[in-house]
Amino acid sequence: MPVIVANYLCAALLFCLGLFTLLTRRNLIKMVMGLSLMEASTYVLLLSLAYRPGSTAPVLLDMPPGKSPEQVADPVLQNFCLTAIVIGVAVTGVSLAVVVRLAQHYRTLDADEIRELRG
Amino acid sequence: MSADTLGPLLALPVVLPLTGAAAAPLLARLSARLSMAVSILLLAGSAGVLLAAAPYVFGGHVLVHYFGGWGPVDGHVLGVTFGADSWGLAFALVTAVVGAILLLFMLSEQGDLGPRELGWFSCLFQLLLAGLIGGALTADMVNLFVWFEVAALASYALTAFFLERPLALEAAFKMLVLTNVASFVVFMAAALLYADRGALNMGQLQQALAGRPGIVELAALGLLLVGFATKAGLVPCHGWLPDAHSAAPGPVSALFSGLMVNFGIVAIGRLVYSVYAEAGRAALTLLLVAGLISAVGGAFFALFQDDLKRLLAYDTIAQMGVLAVGLATATASGLAGTTYHLINHALFKALLFLCAGAIVHATGATKLSEMTGLGRRMRWLGVAFGAGAVAIAGIPPLNGYVSVGLIHEGLIESHQFGALAAMVLAQVLTVAALGRAAWRLYARPSGTIERTERLRPGMLVALVALGVGCLAFGVLEPWLTAHVMTPSASALLDHAGYARAALSGGGPIAGRSVSFDYLNPAELLATFGTVVAAIPVLRFAQRHPDARFITRVRAVQSGSVNDYVAYQAAGLVLAVVALIVTQ
């Protein structure tokens with residue numbers, strides 16, 4: 001299943017890119033982008049897990065001719081993916097709201113200049 | 001009531017606070033008082049329903065409800081299942097009751113806010129409580145993630161609620177980043193488990209996981225552990241906790257520390273014991289190590305804090321460590337002690353954070369050095385803080401003594417004497433840290449406090465209620481141990497019973513027996529010893545707060561989000577690799 005291996009690698013790469021952004025970038029907006037990358041990696045992972053070789057979309061009343069039940073993508077995982085997208089939007093919205101207020105207060109987006117709480 | 005009547009009611013404890021969350025902003029436009037009364041009544045209703053289910057559940061049963069009638073078909077459940085066992089119900093009940101008390105305090109303290117702010121504040125508060133109660137009752141992996149996320153979103157907004165406070169925004173951002181990473185890994189783990197074993201229902205998943213776990217399952221376990229350890233604030237995923245607790249408003253800190261972080265421990269207990277069962281034993285060593293580091297490290301950091309809420313926040317990390325160690329004992333006494341300590345922590349830590357909030361309300365002081373003598377001038381506050389500190393220090397007859405004693409007993413039964421020694425060390429540091437705060441509050445007033453405002457009646461009621469709770473949970477020990485804590489330990493240990501119940505609409509749990517010897521001379525002597533040993537530690541901390549090794553250790557908590565994510569990521573890699581290599 002060459003397609004799927006590529007998908008898993010893509011998900012892993014996206015996750016690592018997001019984590020790398022969080023670890024190395026001090027710009028708050030870039031960190032939110034890193035979170036979005038990690039979020040996107042979960043979508044890719046879930047859709048790849050739902051894939052079955054030669055499958056059709058799981059929106060059916062009856063089996064299409066010539067397809068067995070194993071040849072339908074897993075609707076449960078696709079459903080979770082939708083849930084994750086909705087949550088992702090909410091989270092990005094809240095994060096950006098916090099970043100905007102931080103930028104208004106501190107006049108900077110550098111996380112290293114916004115660290116009064118420590119020790 | 002019978003299981004048939006109680007089952008369908010199981011949604012109510014979540015639905016009621018959710019309704020309250022929706023209604024609060026609307027009602028607040030009519031009248032702030034009406035909105036407050038309705039919110040508290042709905043939470044009380046939620047507690048009432050849980051209480052009605054309590055005799056049946058604590059009598060050794062699991063109460064199960066399948067939403068929308070999507071019950072099991074040939075041992076497969078795809079619909080959302082709620083399964084209330086003693087472990088989850090105990091936490092849900094405490095959440096509803098303590099949540100109502102905190103809401104009362106919050107609405108009384110923040111009474112000067114405009115009706116709109118008050119409405120939204122109480123909306124977020126109830127949303128968070130609904131998330132915690134739902135997470136405690138659910139028996140479905142992805143549903144657990146959803147409640148985790150509900151609670152998380154509400155918690156970001158609550159931390160940053162007062163948008164004009166830059167510190168709160170800073171804390172909210174750190175919390176947001178770390179908790180989000182945690183939610184991604186939890187979600188991925190749930191999806192991996194479903195894809196690998198085809199099960200969402202925890203009972204079905206447990207049966208599907210029987211036998212030797214493969215690499216995917218172990219990786220998923222590592223991801224789940226780190227995800228919920230972040231919620232619980234266990235080292236090394238604790239970066240957000242001290243900031244969020246110290247920057248949020250008083251009652252919100254109490255909610256975070258008393259209830260929200262406990263949810264992480266509840267979920268870890270559920271996953272390791274009820275879902276992974278035998279395979280989950282692999283995680284216990286990790287849990288023990290993380291717990292001991294959190295217990296000792298948190299208490300050590302608490303010892304050198306000048307900000308009262310930050311001190312309490314580090315102590316929260318220490319208490320979460322104690323809970324993790326309790327979970328890692330895997331004995332009936334240790335798990336009964338963990339449940340007991342979970343409830344106790346909700347009571348005494350909420351009490352202490354409310355005291356800190358009341359001090360800010362009355363005098364505006366946040367630092368210990370500004371509070372000298374405050375306990376003498378404000379008697380009620382002094383008594384309440386003293387009660388909380390004594391309870392944490394584990395001095396009988398208050399509640400901390402019993403729960404810590406039971407966890408010690410669990411460690412002795414499982415022959416982990418090194419861990420026991422580390423626990424006693426953590427206890428000494430904890431007593432010293434809280435003793436230092438109490439010392440300041442009761443010292444001779446130095447005249448630095450300019451204004452003191454009287455506490456409002458709602459605040460006093462909340463402080464008294466939590467203080468009485470601390471005393472009651474210490475005094476009623478024999479009844480509570482037998483009827484609440486032991487069934488909870490049994491529910492975790494009888495994983496087969498839980499799985500059967502979750503797949504067949506409810507069922508019995510095999511009971512264990514736990515007894516606690518209140519007058520055990522060794523335990524009493526250990527308590528006395530920790531208090532005595534704490535005195536030199538306390539004096540050292542007061543004289544040399546800037547010793548070189550202390551500043552070096554404190555530099556670990558650098559305040560940089562990047563560093564905190566790095567600690568968390570290191571924990572993630574370590575957990576997954578350790579689980580896969582050791583199996």
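Two strands pair if DSSP finds at least two bridges between them, and strands (E, at least two residues) and helices (H or I, at least four) are DSSP runs numbered from the N terminus. Keep that in mind as we walk through this predicted model, in which local features need pLDDT of at least 70, side-chain atom pairs count only at pLDDT 80 or more, and totals for chains, interfaces and linings use all residues. Residues are numbered from 1 along each chain as its sequence is written, and chains are lettered from A, with ligands numbered from 1, in the order in which they are written.

Let's start with the sheet of chain B. Its three strands form an open sheet, ordered E2-E1-E3, with antiparallel pairing. Strand E2 (81–84) and strand E3 (507–508) of chain B are at the edges with a single partner strand each, so one side of each has no neighbour in the sheet. Strand E1 (residues 61–66) of chain B is joined to E3(B) by two bridges; in E3(B), B:Gly507 is the bridge partner of B:Val62. Helix H3 (residues 32–58) of chain B packs on this sheet and touches E1 and E2 of chain B. Contact here means C-beta atoms, placed from the backbone, within 7 Å. The direction of H3 makes about 125 degrees with that of E1(B), where axes are lines fitted to C-alpha atoms, for helices over the stretch in contact, and angles run from 0 to 180 degrees between N-to-C directions.

Now turn to chain A, which has three helices and zero strands. Its radius of gyration is 20 Å, well over the 14 Å that the globule rule gives for 119 residues, so chain A is more spread out than a compact globule. (The radius is taken over C-alpha atoms, and the rule is 2.2 Å times the number of residues to the power 0.38.) Along the principal axes, the C-alpha atoms of chain A fill a box of roughly 65 × 30 × 20 Å.

Finally, see where the chains meet. The contact takes 36 residues from chain A and 38 residues from chain B. On the chain B side, the elements that give two or more residues are helices H6 (141–159), H7 (166–197), H10 (240–247) and H24 (561–582). H7(B) gives the most to that side, with 17 residues. Within chain B, B:Val186 touches B:Phe145, B:Phe148, B:Leu223, B:Leu224, B:Gly227 and B:Phe228, leaving aside residues up to four places away in sequence.

How values were computed. Two residues are in contact if their C-beta atoms, placed from the backbone, lie within 7 Å.
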